[in-house]
Each structure stands twice: as structure tokens, then as C-alpha cells.
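Please keep the model open while reading.

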Amino acid sequence: MTEDRPPEATSASLWERDEEVAGVVEAIDALCADQSSSGSLLVVRGEAGFGKTALLAETRRIAEERNCVVWQARGGETLKSVPFNVVRQLLQPALLSLMPEEAREYLGDWYDIAGPALGIAEPGERQADPQGVCDGLVAAVRRLAKREWPLVLLIDDAHWADQETLRWLAAFAERLDDLSVLVVVARRPGEVTGERGRYLDAIAALTGHPVAHLSVLTPKATAGLTRATVGPHADDPFCREVWAVTGGNPYETVELLAKVQDSQLQPVESSAAELRALNASSRGDGLVARLDGLGTEATRFAWAAAILGTGISVKLVARLATITGDEADRCAELLRSERILTAPDPATSQADVGELEFAHPLIASAVYDSIPGGWRTAMHGIAAQVVTDSGRGAAAASRHLLQVHPEEDQELVEQLREAAREHLSIGAPDAARRCLERALVEPPLAETHASVLYELGCATLLTAPATTIGHIQTALAMPGLDGQARVDAVFRLSQALLHNNQLEEAVRTVEAEAARHHPGTARMRLQAVQYMWEGLHAGEGTSPGRSERLAELAATCTGRDNSERALLILRGFDAMTHGENAEEVVEVCDRALVNGRLAPGLGWTDTEWGLEILMMLASAYAYTDRLDRAESLYNEALRAYETAGWSGGHLSLAHAYLGLGLRRRGRLREAEISLRESLRLAERVGRGLPLYWSATCNLVDTLLARGHVEEAWAIAEQYGFAPPYPSTIVLPDPRCVRGRLLIAVGRTKDGINELEQAAKAASVRGHHNPVLVPWAVDLARALAVEDPTRAAQLASDARRRAERFGTDTAIGEALRCAAALETGQRAVRLAAQAVAYLESSPCQYEHAAARVEYGIAARSVAEINRGLTLARSCGADGLATQAREVLETGRGLR
């Protein structure tokens, strides 16, 4: 009787894995064929012991035979809470091969962002942006991968990988199309929920190959493996019993057959009854009994190794197990001989992996689970001290601290707070959250309890604003947060309310807190925050007389500190939205600067005020025709966030507002590029947020200006650019942009209705700036035929407001609208006046449109050609096409 055998030199656990091995060979061949070939992702699923690790070992062997570079890492059941654990393992070979200066050179700008997460650079002073760190890791691996082609990444036991690694892996797998890397991920099915489960599902969805599902061995394969291991004389009843005892589990089969050899059991039917006892000794209670049989010291040594989980050295285990060095050496050798522990494979071991590892994850889990609860808790406490004493820091010790029994230990509270700070500094807020939640269980002393709650709220601000609200509200209701700390907490609470779409409550929160303070810096700051949130509110919740009170308060400000500067910015933005004199708006905004620049502490990455107020400053300049100042601020924001590695919502907004500035300048192609990047980043943060609306609205507006109407409509449909609108204001006004879009696609009646709603909303808010909310000129053009009288009145009102505002762009746009409603020489005169104003405006698209319209009204080839040249330089394809068509037909032109 013969059975199929696995290929020579491969693991016995590869029996009946021909199809999976063939898939690996095909993927490696494709990788090695050409350095320009696309990368690929293979996912292997199988229950414990089904041969996932053996398949990865075979993958490594095949890859190294073809001269591939292989990086390998493995998740651990007790290490899931250690952020970046698996990605650090994965990159160890490359990082250790580089000198520090080489690593900095290869990682470039990402070194300071991804370096702390990888453990090769000191973290900065600010809380790291998790999305930025993830992007930095993606960039780091991409750069290193190009250096190491052909590269194979192997990740075993991904179901136990930490959340931060899985987030990186999901992002990295999305970008394999232009990178020659093979990624192989092995995991158990099920078991994982929450964010880690979501990332694992996203990774599986990205593979271009069918997910390999490993199954148990058939009786035939089990018989073949038995005879290949213990001898061809193994009879059929014995082989059938091996299969029955192990259930075809490859790992259990291999272990059982090793024990058959060790015990010199004859592989015949008369010995088959002994197989069940042998098999039981390798797992569960049987393994515990085996440990007990090895002696107390060996058991404690195994327990200590299971507690450590990683970095298992005889010296550390001896300290944790409280045994002598000589006894530890003896225990290590005994456990190796019993195939419970083993020396790490030199080909796959990483730095800091230690001298020992468990022979299989099933054994590690069984040993850990066998430790009595009280012992396990105590050993974790000792392990935390051992890890701390070894110089690895509070963050490394925190996974042990999380397991310690609460005893009102204030030293432990402080250790957990320090660990949380370390986790935040490398971009692991969820790890920080776990530490602070555990610190609260201890619990802290009454005088520090509120501070711990506040720190927890700050840790969850970006990931769970609703949770943050509860934590900070509770902290504020307790004693312990006073002075500046309390003001900071109220500001953070209002930010969380804003992010949770509770803007009115954010306003009321800071208003109530401001009323508790006497006149001074703290009260002024809170008042400024209240006015800021009210200024961003798009609904009817603004308190009566707000603008008057703000103007009165700002009139007393000289810009001597950041609270006064903030109030000046808010006053300038408010005056701009209301259409007050633009020169006065600019004068107020300039007073908020120090030598023409942002004041220290009021920068884009400073957390005392946040980015909203600076966006209001830049936008006030943008809509008062000071585009040079606006663009300088927008570009400064972009540089600041990229340098700091903030690649989430902050960077998305920076791109959106830079796009707004470029759109107003008339650099439509560049604006579209920036806005598409903004939308890409916003998609990762989540739909429905104000930043998402900013990206979408500006992109639709820019595409309409370019004349790409169908594309603008497709974007609006794809990204939900339609009512209901957000509770915060969006620039430009989304109702006006959508109304213009509806008219452009031929839904004129719907467009008119949308513009009417824009008029009502603007009236409620007092937004009478005809450039910021241009509903009147758009509605006048739409009603020109249906209701010329009202159209004329709208145009007249728009011109009056434009002259009050006083910018060349506002007046020129109002004149363009008036000219469009007239005929004959009156139309020509108005169009000529519009050109004169817009020629002095920095808004080149509007200038181009005015030139073309004037040329058509005056029947001037020269003017149309000048407009055509401007339209081409702006990227206004629709306007350029209109001009060319008029020139080509030539009817009525001089």
C-alpha cells in the first residue's frame, strides 16, 4: 500500500497540502519574474494545528531557494495588547542591517514619524497621529522593500496580531499593485472581533487569490505520514487509530508519532490502545500532568516563560520564577528535551526574541491557561517589575500591569499613566486607553481621579468622541481639575461635542463655564471658544446680538496674548461672513498676527486652540481678495501636518482649504488635485464629518468651474453631496454649490429651489457676503427668463452688497450678473465694467469668464481670444470650449 508523500525536505505537516504549496510556488515565481511585477497577497486559514506554520516554513524555504529576502513575524495570544509588536518583529532584519544614519536616510521624512513606533527613534513631545504613524509605516516598508527585492513577508498567527499592526497591514495590502512584494498571512478562522476583526476581514478582501482553507488529514494521508515516521511496517489498524485519536489534526499527528518513537511503541494493532494516553499527554490536562511530572522548578520555569511570552531568556525567566541560574539552565534543557520549549530558528528569529520559545502556540496557550489564577496575577506583577528593571520602559511593562489585581496601589496608577503617555507618543491611543481604564479600576486617589479621567478622555478624542464626552463630563464634575487644567478640559469637551455633531451643546458648555470665571485670560479664552463654535454653526442656534457682542469685545483687544488674538480672528471672520467692509476685515485680522506671522502657541499643530480658528483666519483673507496671505497660511498648515505626521482629518482639511485657495486663485487643475487628495484622506476618517463636506463641496465647485459637469455630478452622487447638510458651516456654501450643480445638469427647478433655501439659511445667519454665499447672482441668472423683474432685483441687491463689501471680485461678479440680464449697449457697458474690476482681482477664473462674456457682448474677437487664453491657463475647459465655439462660428463678430 502506498500513500502520496510531501515533497522531500519539507515538514511532515505538509501532507495533503499540494494545492496550497502550488499556489505559493506560483506567487513566488510571479514575484521573481520581474522587478516591476505587481505584489500579491495570500491568506491561509486553518484551525489550531492544521499546518499554517508548516506552510509558512515551506514558503520560506521555497522563497530562499529563489534568492528572495524573507521577513517573518508572528502574533502571540498574550501579546495582543502590545502595540506594533508584530510589525516590529517583521522589520527587525532590515532595521538591524542598517546603521542609524542609514535608517534615517532610507526612511527620510518618515523616520521621526514611524521610527518611534518601530522602536528605532525617540518619540516627540506631541501625541502622535495614529493615521500618520500608519502611513509612515506603509512608506517605510515600501522604501525598504524596494531595496530588498524580491521580498516575501510572512505573518503567522495574525489572529493574535496587535491592532496597530493589523491597521498597518490592511493599509499596506491596499498598495501592493505597484510594489513587488509577496505577503502571506496565516490565521485561524473566527476568534477575532472588534477593530482587529475588521482589519483582518479587510486584509482577506484584498487578496487576489482564493483564501486557502486548510483541512484535517484524510485517513490515507495519516497512514502515509505514520509509515514515513515510524516505519513502513505500521499496520492498517494502528494507522487508523492514529487518525481516530488525532482527528486528522496534522500537529497532533506529528506530536503523537514522535511520542510513539520516543516510547519505542510497536506500530501494530496490539499497541493501538496506548495511543490515546500518549496523545493526551501533549495537550490540555495531559500536558499539565507532564509538567507536574517534571518537577516544581520546571513547572515554574514553564509558567514564567508563558507569562513573558516574548523575549524569553533563561536569566529573565529565572528572576520571574525565583530560581537560581543553575536550576534555570537545567529546567530549560529539560523542557527542550520534552519539546515544550525550543531554541528559536536562527533563520526566523528577531532581535529581543530571547533564547527560547514555545515549540507550538498550542503548548504556550495550554501552559499559560494552566497557571492558577492567583499565581498568574502575581507573576504578571513581578514580570512588570522585571521588564521595567531591564530598561524597556513603562509601555513594555504595561501588558503585565493590566493583569495585576486592583489594590489601590498609587505607584501602579502612575506607572499606567506613564505607559499611556508612551503609547500616545508613538500613535497607539487604544493601548493608552486600556492603561488608563485599568488605572481607574485601581482606583486613583480622589485628588488624581479627575486627572486620570481627563487623560482618558484626551486619549479617546480622535477615535471615540462620544466616549470622550462621558469621561470629561465626569472629570469636570469631580474635584481635582482646577485653573488652566479645567479650562483645557472644557475646551477638549467642546471639541468632542463638535466632533460628535453636538455643536449647540458645545456652545452652551463653554458659555456656562465662562460665566463661572471672573474677567481675565481664562474667561476670555472660553468666550473666544464660544464665539468660535457659534461662528461655525450653520443652523439657527446663534444667540441674539452675538455679532454685536463679539465686535464690542474685540474692539478692546490689542493682540497682546492669544486669547485676544483669537477674538480678533473671530471678529474678522464674522465681519467677512456678514459682508462688512473688506479693508476693515483685513485690518482686524492683521492685528491678530505677530510681525505678519502666527503667534507662538497659535500654530497649526498647537493644541490649545485647535485648527478651526486658523482656518477661519485664512478664509477671511481668502474671501477679502488677500489670497497671497490665505495661500501662505494654507501651505503652512499642509507643511506642518506633513512634518508632524498628521495624516488624518487635519491633513484632509489642509488639502481642502488649499484647494479652496487655488480655486479662488483660478488654478483649477492644481485645486482639483489637492481636493481629490483631501477627499481620499477624508474617506479614511469617515463620512458625514464637516471635513468630508469641505472636501466634497470644494471638489464639486472646482469641477463646475472647469466645465466638467458630468464628473461633478458623479462626485456628488458617489459621496452623498445632498441634503441634509452638516450643522457646521462649510466653505463655499454647499446649498449654493448644489443649486448651481442642479442647474448645470438641467434640473433647473430643483436648482432654483436649492438656491431659495440657500437664501433663507444665509438670512438666518446674517451671511450677506455675496462672494461667500453667492446665491443671489446664481438665482438671478436662473430666473432671468422666468421672472426678469425678480432677477433684476436680485442682481441689484447683490451689487449693493458687493459695493458694501468692497472687493474687486465681489463688485466684478455682481456686474457680470447684471450684464447677463441686459442686452445691447447696456450689457456691453456693464460687462466692460466687470472686466475692469476683475482684471484687478486675484481670481483669474472669474476674470477669464468676464473677458469671454464681454467679448461676446461686444462682438470682439480680440477680447474673446484674451478670455480664451486666460481660460486655458486656469484649466477652465468648459469656458475655453465656449470661447472657441464662438470664434469658430464667427457669427456677429468684428
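## Aromatic pairs

Rings of Phe, Tyr and Trp, the last by its six-membered ring, pair if their centres lie within 6.5 Å. Planes under 30 degrees apart count as stacked, and planes over 60 degrees apart as edge-to-face. The model is predicted. The structure holds nine aromatic pairs. One of them joins Tyr641 and Trp646: the ring centres are 5.6 Å apart and the planes meet at 15 degrees, so this pair is stacked.

Both residues, Tyr641 and Trp646, are buried. They also belong to a cluster. Ring pairs link Tyr641 and Trp646 with Trp604.

## Arginines over rings

Which ring has Arg198 over its face? That ring belongs to Tyr199, and Arg198 lies at 4.7 Å from the ring centre. Trp609 has an arginine over its face as well: Arg525, at 5.6 Å from the ring centre.

## Pro267

Pro267 sits in a loop. Is Pro267 buried or exposed? Its relative accessible area is 3%. Buried means under 20%, so Pro267 is buried.

Which residues does Pro267 touch, leaving aside its neighbours within four places in sequence? The contacts are Val230, His233, Ala234, Asp235 and Phe238. Ala791 gives a sense of distance across the model. Pro267 and Ala791 are 524 residues apart in sequence. In space, their C-alpha atoms are 99 Å apart.

## Cavities

Rolling a probe the size of a water molecule over the atoms shows where empty space is left. A search of the whole structure finds four cavities of 30 Å³ or more. The second largest cavity holds about 80 Å³ of space.

Its lining includes His767, His768, Asn769, Pro770, Val773 and Pro774. Trp775, Ala776, Val777, Ala798 and Arg801 also line the second largest cavity. Two elements, α38 (775-782) and α39 (788-805), each give two or more residues to this lining. Which of them gives the most? The answer is α38, with three residues. By class, the lining of the second largest cavity has seven nonpolar residues, three polar residues and one charged residue.

Notes: Residues numbered from 1 in each chain as written. Predicted model: local features only at pLDDT ≥ 70, side-chain atom pairs only at ≥ 80, totals over all residues. Heavy atoms only, no water. Buried < 20%, exposed > 50% of the residue type's maximum accessible area, 1.4 Å probe, protein only. Lys NZ or Arg CZ within 6 Å of the ring centre and 35° of its normal. Helix = DSSP H or I, 4+ residues; strand = E, 2+ residues; numbered from the N terminus. Contact = heavy atoms within 4.5 Å. 1 Å grid on protein atoms, 1.4 Å probe; cavity = no way out; pocket = protein on both sides within 12 Å on 5 of 7 lines; lining within 4 Å. Points joined across faces, edges and corners; volume = space filled by probe spheres on them. Nonpolar A, V, L, I, M, F, W, Y, C, P; charged D, E, K, R; others polar.
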